[in-house]
Amino acid sequence: MMKPRLGMTARTGEKCPKSGVWKVLGTLETVTLSVSRGNKMPMHGNRNVNWKLIIMF
């Protein structure tokens, strides 16, 4: 497993590898969400999305 770092990505349904603020990739709007390590990465707008870690806790 890779060491958690800023810029890493996770997909909807995967366990969050690092607590922090995550941003949805591939949308024109800025959508961010705080997710705790070990929780499942959520859907956005009823879609599976890729999330990018922008702030680590």
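This is a predicted model: local features need pLDDT of at least 70, side-chain atom pairs count only at pLDDT 80 or more; totals for chains, interfaces and linings use all residues.
Leaving aside neighbours within four places in sequence, S19 is in contact with V35, S36, R37, I55, M56 and F57, where contact means heavy atoms within 4.5 Å. Residues are numbered from 1 along each chain as its sequence is written, and side-chain values use heavy atoms, with hydrogens and water left out.

S19 sits in the loop between β1 (9–11) and β2 (20–24); strands here are DSSP runs of E, at least two residues, numbered from the N terminus. Is S19 buried or exposed? With a relative accessibility of 19%, S19 counts as buried, since buried means under 20% relative accessible area with a 1.4 Å probe, protein chains only. A polar atom of the S19 side chain lies 2.8 Å from the backbone nitrogen of R37.

I turn to the core. The largest nonpolar core has 11 residues, among them W22, V35, V49 and W51; such a core is a set of buried Ala, Val, Leu, Ile, Met, Phe, Trp, Tyr and Cys residues joined through side-chain atoms within 4.5 Å. At least two residues of this core come from each of β2 and β4 (50–56). V49, again leaving aside neighbours within four places in sequence, is in contact with A10, R11, T12, V24, P42 and H44.

Finally, the whole chain. The protein has four strands and zero helices, and 30% of its 57 residues count as buried. Its C-alpha atoms fill a box of roughly 30 × 20 × 15 Å along the principal axes.

How values were computed
Buried means under 20% relative accessible area, exposed over 50%, partly exposed in between (1.4 Å probe, protein chains only). A polar contact is a pair of N or O atoms within 3.5 Å; within protein, one must be able to donate a hydrogen and the other to accept it, and residues adjacent in sequence count only if both atoms are side-chain atoms.
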